[in-house]
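Colleague: I would like to go through this model with you. Could we begin with the aromatic residues?

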Amino acid sequence: MNRPFARALLASAAVAAAIALAGCNPEDIVPTGRAQAPLTEKMLSEFTKKNMDKESPILARIFKEESELEIWKQTRDGQFELLKTYPICRWSGDLGPKKKEGDRQAPEGFYTITPGQMNPNSNYYLAFNTGSPNAYDRAMGYTGSELMVHGDCSSRGCYAMTDEQIQEIYALARESFFGGQKAFQLQAYPFHMTALNMAKHRNNPNFAFWKVLKEGYDHFDATHQEPKVAVCDRHYVFDAAAPDNASKAPSFNAKAACPAYQIDKTIADAVHDHRRQEQLKMAEYIASRLSTVPSRAGIDGGMNPVFLAKLSPSNDFDNNGRYQLASNNASTSAPGALPRVANAPGALPRTTTAAPVAPVTPPAASAAEAPVRSEPVADPSEPVVVASVPLPRPAPQPKHGETPAAHQPTTMAGLFGKLFGRSKQQAETTPSESASTDLAAKPKQAAPVRIIPTTPPAPVRTASAGASAPVHTASTPPDPKPREVTLKVESAPPWPAAPQPAKAEAPRTPQPEIRTAYTTPSASNNGLLTGAQPVVPAGTFNSFR
């Protein structure tokens with residue numbers, strides 16, 4: 001049988017096995033050419049550089065924590081050498097084996113990949129099935145299915161690569177199968193199983209399982225040969241051979257006790273030396289109290305830093321578990337997205353600097369108001385001097401029904417009415433209100449007043465023609481600097497209110513006038529009611545003193 005015919009036969013068998021694996025009819029498969037993509041010239045040159053044949057066997061290793069997939073290829077000397085390391089785009093779950101269906105865990109252990117597990121028509125570009133659960137997983141009662149290494153950079157219990165990566169990995173496996181390799185080995189580890197990493201993860205609940213995986217890791221590191229993997233008594237056994245006195249090869253059952261065996265003598269010495277050195281290093285790391293790695297609780301899987309660098313903090317998974325990559329080009333956006341603008345209409349200002357406050361211009365003073373003199377602003381660094389003068393209060397306004405000073409009665413009837421409307425004590429303490437309006441309106445310096453504690457002093461009012469609320473105003477403006485004033489007060493009430501500038505008031509609604517027998521009549525008719533005569537009360541004038 002010639003070589004081209006054998007290659008065509010093997011390719012047909014691989015396609016038929018993939019169809020059976022996918023459970024599809026051959027008529028439904030649309031050839032895409034992905035599975036038949038040739039290796040690149042760069043890869044072919046790597047074969048020549050590393051003394052490898054295009055169809056020599058391969059071996060794959062996966063490391064979760066580092067998010068790497070390694071492809072090793074056998075050289076012409078018969079040993080495996082590293083051909084290429086691929087960054088893993090995405091893996092799900094946590095460090096540790098897959099135990100049950102739906103836990104999102106990616107498998108860990110030793111798996112065998114045959115041509116029947118290659119899927120050229122995967123929904124994720126290209127893929128191959130890991131074969132999980134294997135004999136060890138089934139012996140432990142672990143479940144799971146369809147755990148792949150595929151493209152499309154999305155993972156739900158799988159190891160996801162980019163489409164370009166899986167196409168090259170698929171082509172390497174295809175050429176090895178064409179070269180006669182019946183199956184290649186996939187070694188899935190939680191991390192590079194060095195003594196340092198083992199010491200860092202010594203507190204992990206999966207540490208006992210990882211110690212078994214490290215035995216197979218050390219076998220490959222010591223020999224660069226694909227280890228022969230068997231399972232007995234629910235743990236892995238590597239490179240087992242029949243004892244010297246045995247007549248047949250040992251038989252292994254994953255759930256049964258292990259038979260008598262020994263490590264192959266051709267590699268036993270190299271393996272023992274390598275494992276002894278690793279154990280001494282790990283013991284030294286632990287004795288030096290090497291800190292352990294933090295817990296990954298709440299972290300789902302990971303990806304290689306090469307892909308993490310292309311993600312923005314706002315990136316997330318879509319509904320299919322795919323990572324949404326951020327574009328490096330700021331000008332590109334999702335279809336239908338609105339363009340970004342610097343300042344959107346109605347948006348709040350982005351600066352934190354307070355806006356300047358416009359100065360408030362006071363309204364012009366009305367004719368009824370006295371001019372207000374602006375006072376200098378005191379320096380906050382200077383001490384504040386407080387004068388011992390009571391705070392000014394607004395001047396009292398005439399009460400309802402009380403006649404203002406400007407309307408004092410000038411006739412006998414008006415005088416008698418005013419005397420009857422006031423008490424004797426108030427008449428004795430009230431200053432003379434018969435002064436002329438001209439003298440009251442003229443400003444003059446106030447004389448010292450001795451305050452009598454019995455009755456509060458009556459307010460001093462001034463009459464101003466046309467003013468609705470006459471208030472006494474001082475002619476001199478207040479001194480900007482407070483002056484200390486000493487007053488001798490004997491149980492006196494608070495000092496009367498200081499004169500304030502008159503302010504314009506809003507017009508008030510006139511109230512109906514209510515008059516009583518003691519109400520002072522209007523002065524417009526000389527204090528007499530229309531058609532009335534003055535009435536003199538009985539008695540003498542001494543009763544009003």
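Modeller: Ring pairs link Phe63, Phe110, Tyr136, Tyr189, Phe209, Tyr217, Tyr236 and Phe238 into a cluster. Rings of Phe, Tyr and Trp (its six-membered ring) pair if their centres lie within 6.5 Å; planes under 30 degrees apart count as stacked, over 60 as edge-to-face and the rest as tilted. This is a predicted model, in which local features need pLDDT of at least 70 and side-chain atom pairs count only at pLDDT 80 or more, while totals for chains, interfaces and linings use all residues. Residues are numbered from 1 along each chain as its sequence is written, and side-chain values use heavy atoms, with hydrogens and water left out.

Colleague: How many aromatic pairs does the structure hold?

Modeller: There are 14 aromatic pairs. In one of them, the ring centres of Phe110 and Tyr236 are 5.4 Å apart and the planes stand at 70°, so the pair is edge-to-face. Phe110 belongs to strand β5 and Tyr236 to strand β12, 126 residues apart, so that distant parts of the chain are linked. Strands (E, at least two residues) and helices (H or I, at least four) are DSSP runs, numbered from the N terminus.

Colleague: Are Phe110 and Tyr236 buried or exposed?

Modeller: Both are buried. Buried means under 20% relative accessible area, exposed over 50%, and partly exposed in between (1.4 Å probe, protein chains only). The rings of Phe128 and Phe184 also form an edge-to-face pair, with centres 5.7 Å apart and planes at 75°. Phe128 lies in strand β7 (residues 127-129) and Phe184 in strand β10, 56 residues apart. Phe128 is buried at 2% relative accessible area, and Phe184 is buried at 3%.

Colleague: Turning to the sheet, in what order do the strands come?

Modeller: The order is β3-β2-β1-β10-β5, in an open sheet of 5 strands with mixed pairing. Two strands pair if DSSP finds at least two bridges between them. β3 (80-87) and β5 (109-113) stand at the edges with a single partner strand each, so one side of each has no neighbour in the sheet.

Colleague: How many bridges join β5 to β10?

Modeller: There are 5 bridges, and the two strands run antiparallel. Tyr111 has Leu186 as its bridge partner in β10.

Colleague: Which helix packs on the sheet?

Modeller: Helix α2 (residues 41-49) does, touching β2 (68-74) and β3 (contact means heavy atoms within 4.5 Å). The direction of α2 makes about 150° with that of β3; axes are lines fitted to C-alpha atoms, for helices over the stretch in contact, and angles run from 0 to 180 degrees between N-to-C directions.

Colleague: And the salt bridges, how many are there?

Modeller: The structure holds 17 (a side-chain nitrogen of Lys or Arg within 4 Å of a carboxyl oxygen of Asp or Glu). Among them, Glu70 and Arg61 meet at 3.2 Å, N to O, and both residues are buried. Arg275 pairs with Glu215 at 3.6 Å between the closest N and O atoms. Arg275 is in helix α7 (residues 265-287) and Glu215 in helix α6 (residues 207-223), so the pair ties together parts that are 60 residues apart in sequence.

Colleague: How exposed is Arg275?

Modeller: Arg275 is partly exposed, at 22% relative accessible area, and Glu215 is also partly exposed, at 25%.

Colleague: What about Lys49 in helix α2?

Modeller: The side chain of Lys49 forms a salt bridge with that of Glu46 (3.5 Å, N to O). The two residues are 3 apart in helix α2, which means about one helical turn between them. Lys49 is exposed, at 65% relative accessibility.
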